[in-house]
Amino acid sequence: MLWKVSATSAHEGMWMPGQIADVGAAMRADGLQIDPALLRRLDTGPLNAIVSLGGCSASFVSPQGLVATNHHCVFGSIQYNSKEGQDYLTNGFLAKSLGEELPAAPGSRIYVIEDMRDVTADMLKGVSDKLNGFARYERLDTNRKALIAACEAQPNRRCDVEGYYGGDSYYLEQKLEIQDVRLAYAPALGIGNFGGETDNWMWPRHTGDFGFYRAYVAPDGSSRPYARDNVPYRPKSWLRIAHEGVQEGDFVMVAGFPGTTNRLRTAGEVQFNFADYEPLLQRLLSDYAAQIKRATAGNRDAQIRYAAILQGAENYEKKLAGDLAGADAIGLDARKANEEKAYRDWVADDPRAAGAL
């Protein structure tokens, strides 16, 4: 789990909950109104209202397990329940009662974060400079699997070990896995994806990019797959919708489970990424999307079946286009080369820093 402070703050960036001691005072100075110590605790609000869908961030917004997330994060479930004559993709969906809610796409899960602890020492057991690349990987993989197995011995838990800072530290994440997920609401396509994927990754974006799931559990509160007598999950906390909109100068923070950041890549890695890897991947995704459109043209049933795949391809292709344009606009290659030279010069001037390379 990470939280991110907006660029309007002088201290903007992406931070882990455990780093609150380093930035809490600055966040209060920028306008944070709650105790910063709450932002490192996963057993109370607001952080235990933030959940993962296994690829998207989401949040509880009611005491009866209602979950708000992005439109594209429920898109697969909208597609799963759509067919010719019942086109929820185009027209949207609204359950007017709990009984009208629809099953989410197979495999849908809601993960409630419970614990995030530093397991660096356990991960590095048996790891030394004497191990070659593959042997080191095998040792890390063995340690990782042992940690996950021990954690998942608890019922209905899903655990993983994530590496940070290029493997300098490792954290084990423990989550409650909710297996019964149902679609409660999705706006019509003209609202939820206004402007199409070509408008995504842009700002400002005038899109109703949201949808709602609901989490269900057994009557005793335990997690289990769909059953008719399952009841809405009652989260320990949930987010409240603000009565007033955001005002100029307001403090803004987003908590969730974002993708990785590559800000620590070397100059050579950055040059390869933007000169070779991303341009190739962008072309492949563009060709893939074009092939899907050609193959499904005039066949609405086929278009519905491929809608989520097509959206995913176009979404990421657009993201890559923005990456490439942004890197060119700020002269990223030269900037990274200068940063790396300055770093190496600093190390060369300070014998105590020799181990930093």
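The model is predicted, so local features need pLDDT of at least 70 and side-chain atom pairs count only at pLDDT 80 or more, while totals for chains, interfaces and linings use all residues. Residues are numbered from 1 along each chain as its sequence is written, and side-chain values use heavy atoms, with hydrogens and water left out.

Let's start with helix α9, residues 307-329; helices here are DSSP runs of H or I with at least four residues, strands are runs of E with at least two, and both are numbered from the N terminus. Helix α9 has 23 residues and reaches 33 Å from first C-alpha to last, close to the 33 Å expected at 1.5 Å a residue (the expected span is 1.5 Å times one less than the number of residues). Its buried residues include Leu 310, Gln 311, Asn 315, Leu 320 and Leu 324. Buried means under 20% relative accessible area, exposed means over 50%, and partly exposed is in between, using a 1.4 Å probe and protein chains only. Among the elements covering those buried residues are α2, α3, α7, α8 and α10, where contact means heavy atoms within 4.5 Å. Just after α9, Gly 331 takes a positive phi of about 60°.

Helix α7 (residues 267-296) is where you'll find Thr 296. Thr 296 is buried, at 7% relative accessible area. Its side chain reaches the backbone oxygen of Ile 292 at 2.8 Å. Leaving aside residues up to four places away in sequence, Thr 296 touches Ala 302, Gln 303 and Tyr 306.

Most residues other than glycine have a negative phi, and most peptide bonds are trans. Asn 156, in the loop between α5 and β9, has a positive phi near 60° and is partly exposed at 24%. In the loop between β9 and β10, Tyr 165 has a positive phi near 55°; at 49% relative accessibility, Tyr 165 counts as partly exposed. A cis peptide bond joins Gly 45 and Pro 46, with omega about 5°, and Pro 46 lies in the loop between α1 and β3.

Finally, the surface: Val 246, Val 252 and Val 254 make a nonpolar patch of about 270 Å². Val 254 lies in strand β14 (residues 253-256) and is exposed, with a relative accessible area of 55%.

How values were computed. Patches are made of residues with over 30% relative accessible area and no salt bridge: like charges are joined within 9 Å, nonpolar side chains (Val, Leu, Ile, Met, Phe, Trp, Tyr) within 5 Å. Accessible areas come from the Shrake-Rupley method with a 1.4 Å probe; for residues, only the protein chains shown count as cover. A salt bridge is a side-chain nitrogen of Lys or Arg within 4 Å of a carboxyl oxygen of Asp or Glu. A polar contact is a pair of N or O atoms within 3.5 Å; within protein, one must be able to donate a hydrogen and the other to accept it, and residues adjacent in sequence count only if both atoms are side-chain atoms.
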